[in-house]
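Biologist: Before I use any of the labels in this model, I would like to know what each one rests on. Please show the model, and then we can go through them.

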Amino acid sequence: MSTELCSSCGSCGFPMRSAEDHAGGDPQCGYCSTCADPSGTLRPYEDVVEANADYFVREQGIALTAAREMARALLDSMPAWKARP
Ligand SMILES: [Zn+2]
């Protein structure tokens, strides 16, 4: 396994273990397929919050409102969103 393939998403921290986990299937992209579009461009903040909230609802079975708060707290701690006003 190369180092490129075991990086984590700069937006949500998701561990990207295979090329398909990266946006556009590109191992060079620093964001996961949830946070960026297929060209590797980071999606708008609110879209990423929704996508991650949906993931928490699916994976952890928690309510959407709680999942949104978790997603915001998570994103606010990540490098990709540090510069957000
Ligand atoms: Zn991500």
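Modeller: This is a predicted model. Helix H1 and helix H2 (residues 64-76) pack with their axes 8 Å apart, at an angle of about 125 degrees.

Biologist: Why is H1 called oblique to H2?

Modeller: Angles of 65 to 115 degrees count as roughly perpendicular and those over 145 as roughly antiparallel. The angle here is about 125 degrees, so H1 is oblique to H2. The crossing of H1 past H2 is right-handed.

Biologist: Which atoms coordinate the zinc ion?

Modeller: The SG atoms of Cys9, Cys12, Cys32 and Cys35 do, at 2.3 to 2.4 Å. Along the sequence, the donor residues follow the spacing C-x2-C-x19-C-x2-C. Cys12 and Cys32 are 20 residues apart and link distant parts of the chain, each lying in the segment before H1 (45-60).

Biologist: What makes the arrangement around the zinc ion tetrahedral?

Modeller: Four donors count as tetrahedral if all angles lie between 85 and 135 degrees. The angles subtended by the four donor atoms here are 104 to 115 degrees, so the arrangement is tetrahedral. For comparison, the ideal angle for four tetrahedral donors is 109.5 degrees.

Biologist: Why are Cys29 and Cys35 called buried?

Modeller: Buried means under 20% relative accessible area. Cys29 has 11% relative accessibility, so the label applies. Cys35 has a relative accessible area of 0%, so Cys35 is buried as well. Cys12 and Cys32 are also buried.

Biologist: What makes Met78 count as buried?

Modeller: Met78 is at 13% relative accessibility, and the limit is 20%, so Met78 counts as buried. Met78 is in the segment after H2. The C-alpha atoms of Met78 and Cys9 are 9.0 Å apart in space, while the two residues are 69 residues apart in sequence.

Biologist: And why is Gly25 called partly exposed?

Modeller: The label covers values between 20% and 50%. Gly25 has a relative accessible area of 35%, so Gly25 is partly exposed. Gly25 is in the segment before H1. From Gly25 to Pro79, 54 residues apart along the chain, the C-alpha separation is 21 Å.

Notes
Residues are numbered from 1 along each chain as its sequence is written. This is a predicted model: local features need pLDDT of at least 70, side-chain atom pairs count only at pLDDT 80 or more; totals for chains, interfaces and linings use all residues. Side-chain values use heavy atoms; hydrogens and water are left out. Donors are N, O and S atoms within 2.8 Å of the metal (3.2 Å for Na, K and Ca); water is not among the atoms, so sites may look incomplete. Four donors count as tetrahedral if all angles lie between 85 and 135 degrees; four count as square planar and six as octahedral if opposite donors are over 155 degrees apart and all others between 65 and 115; anything else is irregular. Helices (H or I, at least four residues) and strands (E, at least two) are DSSP runs, numbered from the N terminus. Buried means under 20% relative accessible area, exposed over 50%, partly exposed in between (1.4 Å probe, protein chains only). Axes are lines fitted to C-alpha atoms, for helices over the stretch in contact, and angles run from 0 to 180 degrees between N-to-C directions. Angles under 35 degrees count as roughly parallel, over 145 as roughly antiparallel, 65 to 115 as roughly perpendicular and the rest as oblique. A crossing is left-handed if the near helix is turned anticlockwise from the far one by less than a right angle, and right-handed if clockwise.
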